[in-house]
Amino acid sequence: MKQSAAKIVREYGPFAGVDKVHGVTWDGQHVWFATGDKLNALDPASGKTLRSIDVAAHAGTAFDGQHLFQIAEDRIQKIDPQTGRVLATIPAPGGSDSGLTWAEGTLWVGEYRDRKIHQIDPETGAILRTLESNRFVTGVTWVDGQLWHGTWEEDESELRHIDSTTGEVLESVKLPAGVGVSGLESDGGDQFFCGGGGSGKVRAVRRPE
């Protein structure tokens, strides 16, 4: 397994009125981050929050190219980012759902305490596949055919590249002590956006070569 230290490229926040950052996602222009009762669109160039949608946003966030998906307690809401309307709701797979990402027609959901990642049907919520982890799972993301997830235990966090069939850890990127990772999303290129939990920050972390 390859191991390296995380290179934090930039920190955003803390943001006014934001105590915690949960899920994060990337729509190609903006970083959306969940803060409990709102989804906020951040411009990564200026660091400014451009707009917010009033919606329950307790955990992971995803974007399928057209709609936002947001975990709210025991359900996943499909949201129109233009209007902020909730278009559909499906059950979330676990009791402690954390990360959420979209890949090739399905949603992937991190289950924090149970240390699992579920692949689910975005129409019904049916579980298609489950991977086991040996750490608490926070955010999940796919980039270039690679599945990555965040871990956060006590004051230690890592980003882990895992085998999407077996769950084996292939690569680990360790964050500095005290820097937590809640949400995780790739920008499709050379960096990850990481939700910072109770720090109220979003961080950009360099993806390893």
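Because the model is predicted, local features need pLDDT of at least 70 and side-chain atom pairs count only at pLDDT 80 or more, while totals for chains, interfaces and linings use all residues. Residues are numbered from 1 along each chain as its sequence is written, and side-chain values use heavy atoms, with hydrogens and water left out.

Strands are DSSP runs of E with at least two residues, numbered from the N terminus. Two strands pair if DSSP finds at least two bridges between them. Strand S5 (residues 36-42) and strand S6 (residues 49-57) pair in the antiparallel sense over 6 bridges. Within this pairing, Lys38 has Asp54 in S6 as its bridge partner. The two strands form a hairpin with 6 residues between them, and Gly47 in the turn has a positive phi of about 80 degrees.

A second hairpin is made by S15 and S16, with 2 residues between them. S15 covers residues 137-143 and S16 covers residues 146-153. They pair in the antiparallel sense over 5 bridges, and the bridge partner of Val143 in S16 is Gln146. In the turn, Asp144 has a positive phi of about 50 degrees. Burial is judged by relative accessible area, with a 1.4 Å probe and protein chains only: buried is under 20%, exposed is over 50%, and partly exposed is in between. By this scale 6 of the 7 residues of S15 are buried.

A search of the whole structure finds 10 of them. Asp144 forms one with Arg207, the closest N and O atoms being 3.1 Å apart. This pair links distant parts of the chain, with Asp144 in the loop between S15 and S16 and Arg207 in the segment after strand S21 (202-206), 63 residues apart. Asp144 is exposed at 61% relative accessibility, whereas Arg207 is buried at 13%.

Glu158 and Arg160 form another salt bridge, with the closest N and O atoms 3.1 Å apart; both residues are buried. Glu11, Lys201 and Arg203 are linked in a network of salt bridges. Arg203 is in strand S21 and is buried, with a relative accessible area of 7%. Its side chain makes a polar contact with the side chain of Glu11 at 2.7 Å. A polar contact is a pair of N or O atoms within 3.5 Å; within protein, one must be able to donate a hydrogen and the other to accept it, and residues adjacent in sequence count only if both atoms are side-chain atoms.

Arg75 forms a salt bridge with Glu73, the closest N and O atoms being 3.8 Å apart. Arg75 is partly exposed at 27% relative accessibility, and Glu73 is exposed at 56%.

Most residues other than glycine have a negative phi, and most peptide bonds are trans. Glu73 has a positive phi near 55 degrees and is found in the loop between strand S8 (68-72) and strand S9 (75-79). Glu104 has a positive phi near 45 degrees; this residue is in the loop between S11 and strand S12 (106-111) and is exposed at 83% relative accessibility. The peptide bond from Gly13 to Pro14 is cis, with omega near 0 degrees, and Pro14 is in the loop between strand S2 (8-12) and strand S3 (24-26).

Strand S11 (97-103), S15 and S16 are the elements that give two or more residues to the lining, and S11 gives the largest share, 3 residues. The lining divides into 5 nonpolar, 15 polar and 6 charged residues, where Ala, Val, Leu, Ile, Met, Phe, Trp, Tyr, Cys and Pro count as nonpolar, Asp, Glu, Lys and Arg as charged, and the others, Gly among them, as polar.

Methods:
Helix = DSSP H or I, 4+ residues; strand = E, 2+ residues; numbered from the N terminus. Salt bridge = Lys/Arg side-chain N within 4 Å of Asp/Glu carboxyl O.
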